[in-house]
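Trainee: Could you walk me through a model and show me how to read its features?
Mentor: Gladly, let's look at it together.

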Amino acid sequence: MPPLVCLPVQMMRSAYDGWRARLVCPPQPSRPTTLIGTRAQSITMEHRIEHLPEQHRFEISVDKSLAGFSDYLQADGVRTFNHTVTLPEHRGHGLAAVLTEHVLEDSRAGGFSVIPACWFVREFIESSSGRYDDLLHVSSSPGEK
């Protein structure tokens, strides 16, 4: 298997566990990824991200076990991400960030704009140095800001 190409480690603030490092890796299904947890432990795990459009959900699995998900609503070319969850036994390994990066890239590839109703997706976009600003939905309704 060719090596996973990742950008340098980026520091990211999490509301749950303070500052943590994460690798910025391109979304790729079922590849071993080295993630750096909150205590600077290096952990290698196999993860897979699956899109379930009929359920309006993206799921991330680790070693064939559900580790987290991101729910969304979709209408008129807009995806509203309203809930992102990492199951307790998988927290602290950066999986929510890996999943969020994937769902944003998938939205971009599909031509969707996004509304980050979920606090995690919103903070992820804000901390991305403008990388996903082009995806943010701009309302055209009068009187909305």
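This is a predicted model: local features need pLDDT of at least 70, side-chain atom pairs count only at pLDDT 80 or more; totals for chains, interfaces and linings use all residues.

Trainee: Understood. Let me begin with the strands: how many bridges join β5 to β6?

Mentor: Now to the case at hand. Strand β5 covers residues 57-62 and strand β6 covers residues 65-75; the two run antiparallel and are joined by 6 bridges. To find your place in the pairing, look at I60, which stands opposite G68 in β6.

Trainee: And what do β5 and β6 form together?

Mentor: They form a hairpin, with 2 residues between the strands. Have a look at D63 in that turn, where phi is positive, at about 50°.

Trainee: Which strand do 8 bridges join to β6?

Mentor: That is β7, residues 78-86, which runs antiparallel to β6. A75 has V78 of β7 as its bridge partner. Here too the strands form a hairpin with 2 residues between them, and D76 in the turn has a positive phi of about 50°.

Trainee: Do β7 and β8 run parallel or antiparallel?

Mentor: Parallel: 4 bridges join β7 to β8, the strand at residues 113-116.

Trainee: Let's turn to charged side chains. How many salt bridges does the structure hold?

Mentor: There are 7 salt bridges. One of them joins D71 to R57, with the closest N and O atoms 2.8 Å apart. D71 belongs to strand β6 and R57 to strand β5, so this pair ties together parts that are 14 residues apart in sequence.

Trainee: Are D71 and R57 buried or exposed?

Mentor: Both D71 and R57 are buried.

Trainee: Which residue forms a salt bridge with E101?

Mentor: R131 does, and the closest N and O atoms are 2.8 Å apart. Since E101 lies in helix α1 and R131 in the segment after α2 (119-126), the pair ties together parts that are 30 residues apart in sequence.

Trainee: Why does E101 count as buried and not as partly exposed?

Mentor: Buried means under 20% relative accessible area, and E101 has 2% relative accessibility, so E101 counts as buried. R131, at 35% relative accessibility, counts as partly exposed. R131 also meets the side chain of E105 in a salt bridge, at 3.2 Å from N to O. That pair links R131 in the segment after α2 with E105 in helix α1, 26 residues apart. Stepping back, a network of salt bridges links E101, E105, R108, R131 and D134.

Trainee: Finally, at what angle do α1 and α2 pack?

Mentor: In general, two packed helices are described by the angle between their axes and the distance between the axes. For α1 and α2 the angle is about 75° and the axes are 10 Å apart. That angle makes α1 roughly perpendicular to α2. On the α1 side, A96, A97, T100, E101 and L104 make the contact, and on the α2 side F120, V121, F124 and I125 do.

Technical notes
Residues are numbered from 1 along each chain as its sequence is written. Side-chain values use heavy atoms; hydrogens and water are left out. Two strands pair if DSSP finds at least two bridges between them. A salt bridge is a side-chain nitrogen of Lys or Arg within 4 Å of a carboxyl oxygen of Asp or Glu. Buried means under 20% relative accessible area, exposed over 50%, partly exposed in between (1.4 Å probe, protein chains only). Axes are lines fitted to C-alpha atoms, for helices over the stretch in contact, and angles run from 0 to 180 degrees between N-to-C directions. Angles under 35 degrees count as roughly parallel, over 145 as roughly antiparallel, 65 to 115 as roughly perpendicular and the rest as oblique. Contact means heavy atoms within 4.5 Å.
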